[in-house]
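Opened a new model today and want to note what I look up as I go. Starting with the overall build, then the helix packing, then charged pairs.

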Amino acid sequence: MNDPYLNELREDFEAYTSQLKKLKKKLLKANSSETQAKIIKQIDSIATKMENNQKQTVKVTKSRIKERKTKK
């Protein structure tokens with residue numbers, strides 16, 4: 001399904017994934033527990049954004065499918 005909004009959500013999700021990879025590397029290199037705690041908070045925040053992104057994607061996909069069915 002080629003939908004501009006869904007494409008935007010997909011791009012956002014890919015950006016979150018990229019950020020998580022970078023944070024994972026930082027976490028593995030971090031020495032202090034304070035730094036690790038900050039990185040973990042950032043990871044949690046991104047994970048929440050990813051969850052919301054996925055929920056929105058599901059809603060929009062269902063809506064688009066419903067629209068297609070009603071047009072036929």
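Predicted model: local features only at pLDDT ≥ 70, side-chain atom pairs only at ≥ 80, totals over all residues.

I call a residue buried when its relative accessible area is under 20%, exposed when over 50%, and partly exposed in between. With that cut-off, 17% of the 72 residues of the protein come out as buried.

**Overall build.** I looked up the secondary structure and got two helices and zero strands. The radius of gyration is 17 Å, well over the 11 Å that the globule rule gives for 72 residues, so the protein is more spread out than a compact globule. I also checked the C-alpha trace, which spans about 60 × 15 × 10 Å along its principal axes.

**Helix packing.** How do the axes of α1 and α2 cross? They come within 10 Å and cross at roughly 160°. Angles over 145 degrees count as roughly antiparallel, and α1 and α2 are therefore roughly antiparallel to each other. I have the crossing of α1 past α2 down as left-handed. Sorting the residues in this contact by class, I get 14 nonpolar, nine polar and four charged.

**Charged pairs.** I went looking for salt bridges and the count came to one. Which residue does Asp3 pair with? Its partner is Arg64, with the closest N and O atoms 2.7 Å apart. Asp3 sits in the segment before α1 (4-29) and Arg64 in helix α2 (residues 33-71), so the bridge ties together parts 61 residues apart in sequence. I checked accessibility for both: Asp3 counts as buried at 12%, while Arg64 is partly exposed at 22%.

How values were computed. Residues numbered from 1 in each chain as written. Heavy atoms only, no water. Salt bridge = Lys/Arg side-chain N within 4 Å of Asp/Glu carboxyl O. Helix = DSSP H or I, 4+ residues; strand = E, 2+ residues; numbered from the N terminus. Buried < 20%, exposed > 50% of the residue type's maximum accessible area, 1.4 Å probe, protein only. Axes fitted to C-alpha atoms, helices over the stretch in contact; angles between N-to-C directions. Parallel < 35°, antiparallel > 145°, perpendicular 65-115°, else oblique. Left-handed = near helix turned anticlockwise from the far one by under 90°. Nonpolar A, V, L, I, M, F, W, Y, C, P; charged D, E, K, R; others polar. Rg over C-alpha atoms; globule rule 2.2 N^0.38 Å.
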